[in-house]
Amino acid sequence: MTIRDVARAAAVAPSTVSRALARPGRVNAATRTRIEAAARALGYTPPRSDRGSRDVGAVAVVVPDVTNPFFFDVIRGAQHRLAAAGRTQLLVDTEESAATEAATLGAIASRVDGAVLAASRLSDGEIARFAGLLPVVVLNRRVPSVSSVLIDTPGGVGRALEHLVSLGHRHVLYVGGPESSWSNERRWRALVAAAARLRVRVDTAGPFAPVVDSGAAAADTAVTAGVTACIAFNDLIAIGMLRHLRERSVRVPVDMSVVGCDDIFGADFCDPPLTTMTSPIEQAGRVAVTMLLRRIGGGVPTDADAAAAVAEHSTDSVALPTHLTVRGSTGPAPGTERSPA
């Protein structure tokens, strides 16, 4: 006797039977009663995975690259919130692979209470499928019917372009990130809209892997394109660009200005220090976990900032603001002079 036999008898999907037996609170009472009656009538004995074999209090935090400093703060924020709730964080590094992310989630779905997917590389359909198996909150992604925490980097790149235009730049290159990155597409669309409003030209190059080593090719592309300023998908690419531009004797910001995104640890240690969009990364991790705990019965949030952020927004979607931090990597466009303050 298998779970499919029970599902057939109860006229439900096998996944519904699994949820009813492992997590009764996630299935409505009438359906649960019908499933339990079918299981008793058939003499079905659930295997261990269907009898609540989830790791007690474990929540998965899934990131595409654990070596990326952006995710350091996401992980730290999630850990602090989970520890305050008496729960354990299970960290998953998918190495920028959608296939690895899907396989890992499939393997752990029955053993964790929920998952935070940070910058997921999965399709909307795949995320929705996993959200049907366990509580899920996505970070830096919006998927219909799935709770989300968004960081307003599209608004940030618009402010970055305004900053560059105020310095006289009229031709700007957006150095794009991975094709599978949902936020990458949002930032490019925001730049196109801002450029139309400001009446300047923006081009795009890429995709580039979101790592320092991508900066060399990105810098060469920018020099060849003849732009006077660049906005990079993330700080790692921007830092790599600073390094390679210096090797090519391209002076930053005299010959070219560079803007990053995220304000990761080390962005202010560069030469020159990096102008970047500062994101509330650690808060995003805390808010995502707070939203998840509300769904799985985590009790009243003990993190005041995270609880306030959730309370001020829809429980299905929270947007956190960014701001531009101006440092030494941006300056007047070549041939122009800075206006008096």
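Predicted model: local features only at pLDDT ≥ 70, side-chain atom pairs only at ≥ 80, totals over all residues.
If you look at contacts between residues at least 6 apart in sequence, 69% of them join residues at least 24 apart.

Now zoom in on helix α5, residues 98-108. Which of its residues are buried? They are Glu101, Ala102, Leu105 and Ile108. These four sit on the same side of α5, because they cover an arc of only 145° around the axis. Here's a handy rule: an α-helix has 3.6 residues a turn, so residues three or four places apart point the same way. On the face turned away from the buried side, you'll find the exposed residues Ala99 and Ala103.

What do the buried residues of α5 pack against? Here are the partners:

| Element | Residues |
|---|---|
| β1 | 58-63 |
| β2 | 88-93 |
| β3 | 114-118 |
| α6 | 124-131 |

The N-terminal end of α5 has a cap, Ser97, with a side-chain oxygen 3.4 Å from the backbone nitrogen of Ala99.

Next, a pair of helices. Two packed helices are described by the angle between their axes and the distance between the axes. For α7 (residues 153-166) and α8 (residues 182-198), the angle is about 35° and the axes are 8 Å apart. Their crossing is right-handed. Residues making the contact include Val157, Leu161 and Val165 of α7, along with Ala190, Leu191 and Ala194 of α8. Sorted by class, the contact has nine nonpolar, two polar and four charged residues.

Terms used:
Residues numbered from 1 in each chain as written. Heavy atoms only, no water. Axes fitted to C-alpha atoms, helices over the stretch in contact; angles between N-to-C directions. Helix = DSSP H or I, 4+ residues; strand = E, 2+ residues; numbered from the N terminus. Left-handed = near helix turned anticlockwise from the far one by under 90°. Contact = heavy atoms within 4.5 Å. Nonpolar A, V, L, I, M, F, W, Y, C, P; charged D, E, K, R; others polar. Buried < 20%, exposed > 50% of the residue type's maximum accessible area, 1.4 Å probe, protein only. Arc of directions from axis to C-beta. Polar contact = N/O pair within 3.5 Å; in protein donor to acceptor, adjacent residues only side chain to side chain.
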